[in-house]
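Here is a short report for a reader who is new to this structure. Please look at the sequence and the model first.

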There are 2 protein chains.
Amino acid sequence: MLIGELAERAGTSARALRYYEQHGLVRAQRDPHGYRRYDESELRVVREIRTLLAAGFGLDDIRPFVACLRAGNTSGHVCPDSVAVLRRRLAEVGAYLNELTDVRERLRGQLAEAIEQREEQCPKIR
Amino acid sequence: MLIGELAERAGTSARALRYYEQHGLVRAQRDPHGYRRYDESELRVVREIRTLLAAGFGLDDIRPFVACLRAGNTSGHVCPDSVAVLRRRLAEVGAYLNELTDVRERLRGQLAEAIEQREEQCPKIR
DNA sequence: GGTTGCGTTGACGCCGGTGTCAAGGCATAC
DNA sequence: GTATGCCTTGACACCGGCGTCAACGCAACC
């Protein structure tokens, strides 16, 4: 499988795949022309990467998941290192959720206040 | 008031203040030496900027709030333009909260699965 | 006259995952 | 031969809110 095919099948770009390789996440053989050749198993790896990126992990965080997959596990998140990252990210997401919730409440308050004030200026139009 | 004093009183840096000015948010007079001179009212402006930045607004979004303050309002969020931005940001925050919540649930699921699988491998140690 | 301390402008760095362009190689099909 | 289409490496651009450094000016104090 060439890089273009892998990219399309994984729903990403050749550029991204080279970037992942550069950061030690994806592996490729080279054919006589210097083209990257991927076997089927890399498709799972790339999909794992994409899923985790979408969940807000950075490439460094994703490394243990890929290693876990390569070690023969059916999913990348069952190994101790992955679990540690998972826990950390879960805590981060939780904290950020709390922050965002606070922000939302403040925004709601300001919006309500603004509307209230406008009604004071134009009272009883009915 | 010089830039250093304003920065300290507003809890930010001189660099940031110059940046805000460059983007049309903060205004300064110049004294004979070319130093920026701020009057007291700029302190409120800068504090408004900081608060909104902390709530995830970009500098462009903050502009109407500053204009609202300059127009003599006691708070920056009571003007129509500010309210529009407020609504938009509120929607964004809501959407992001939903996304993050989904992410959290998936992470929780994976964590639970990983722990479950580990127990299968080391059953009944007691 | 020198040090210290405030200010000035300009410009590069950062973070992270890409898009995109340049300049090239090799192959297949016409 | 040449047009097309895959691939290669390398490098710059992006976003946004600054940090930070350079090189400088002016003032006050010793």
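Leaving aside its neighbours within four places in sequence, which residues is B:Ala28 in contact with? They are B:Glu21, B:Arg36, B:Arg37 and B:Tyr38. Two residues are in contact if their C-beta atoms, placed from the backbone, lie within 7 Å.

## Ground rules

This is a predicted model: local features need pLDDT of at least 70, side-chain atom pairs count only at pLDDT 80 or more, and totals for chains, interfaces and linings use all residues. Residues are numbered from 1 along each chain as its sequence is written, while chains are lettered from A and ligands numbered from 1 in the order in which they are written.

## Around B:Ala28

B:Ala28 sits in the loop between H2 and strand E1 (29-30) of chain B. Helices (H or I, at least four residues) and strands (E, at least two) are DSSP runs, numbered from the N terminus. B:Ala28 is partly exposed, because it has 18 C-beta neighbours inside 10 Å. The scale is simple: a residue is buried if 20 or more other C-beta atoms lie within 10 Å of its own, exposed if 12 or fewer, and partly exposed in between, with C-beta atoms placed from the backbone.

B:Arg18 is 10 residues from B:Ala28 along the chain. Their C-alpha atoms are separated by 9.6 Å.

## Two chains, one axis

How do the two protein copies relate, and what rotation superposes chain B on chain A? The rotation is 180°, with 0.0 Å of shift along its axis, and the RMSD is 0.1 Å. That is the relation of a two-fold axis. The superposition is by least squares on the C-alpha atoms of residues with pLDDT of at least 70 in both copies. Of the residues of chain B, B:Leu97 comes closest to the rotation axis, at 3.3 Å (C-alpha).

The contact between the chains takes 24 residues from chain B and 24 residues from chain A. The side of chain B that touches chain A has 13 nonpolar, 6 polar and 5 charged residues. Here Ala, Val, Leu, Ile, Met, Phe, Trp, Tyr, Cys and Pro count as nonpolar, Asp, Glu, Lys and Arg as charged, and the others, Gly among them, as polar. The same surface serves both copies: 100% of the contact residues of chain B recur in chain A.

## The DNA strands

DNA strand D is surrounded by 17 residues. The closest are A:Leu2, A:Gly4, A:Arg36, B:Ala16 and B:Gly58. A residue is near a strand if its C-beta atom, placed from the backbone, lies within 6 Å of it. Two or more residues each come from helix H1 (3-10) and helix H2 (14-22) of chain A, and from helix H2 (14-22) of chain B. This surface has 8 nonpolar, 5 polar and 4 charged residues.

DNA strand C also has 17 residues around it. A:Ser13, A:Ala16, A:Gly58, B:Gly4 and B:Arg36 come nearest. H2 of chain A, with helix H1 (3-10) and H2 of chain B, each supply at least two residues of the surface near DNA strand C. By class, that surface has 8 nonpolar, 5 polar and 4 charged residues.

## H4 against H5 in chain A

Helix H4 (residues 59-70) and helix H5 (residues 80-121) of chain A pack at an angle of about 145°, with their axes 8 Å apart. Axes are lines fitted to C-alpha atoms, for helices over the stretch in contact, and angles run from 0 to 180 degrees between N-to-C directions. H4(A) gives A:Asp61, A:Pro64, A:Phe65 and A:Cys68 to the contact, and H5(A) gives A:Asp81, A:Ser82, A:Val85 and A:Arg89. These residues divide into 4 nonpolar, 1 polar and 3 charged.

## The loop between H4 and H5

Is A:Cys79 buried or exposed? A:Cys79 is buried, because 20 other C-beta atoms lie within 10 Å. Its place is in the loop between H4 and H5 of chain A. Leaving aside neighbours within four places in sequence, A:Cys79 is in contact with A:Pro64, A:Cys68, A:Ala71 and A:Asn73.

A:Gly72 lies in the loop between H4 and H5 of chain A. A:Gly72 is exposed, with 6 other C-beta atoms within 10 Å.
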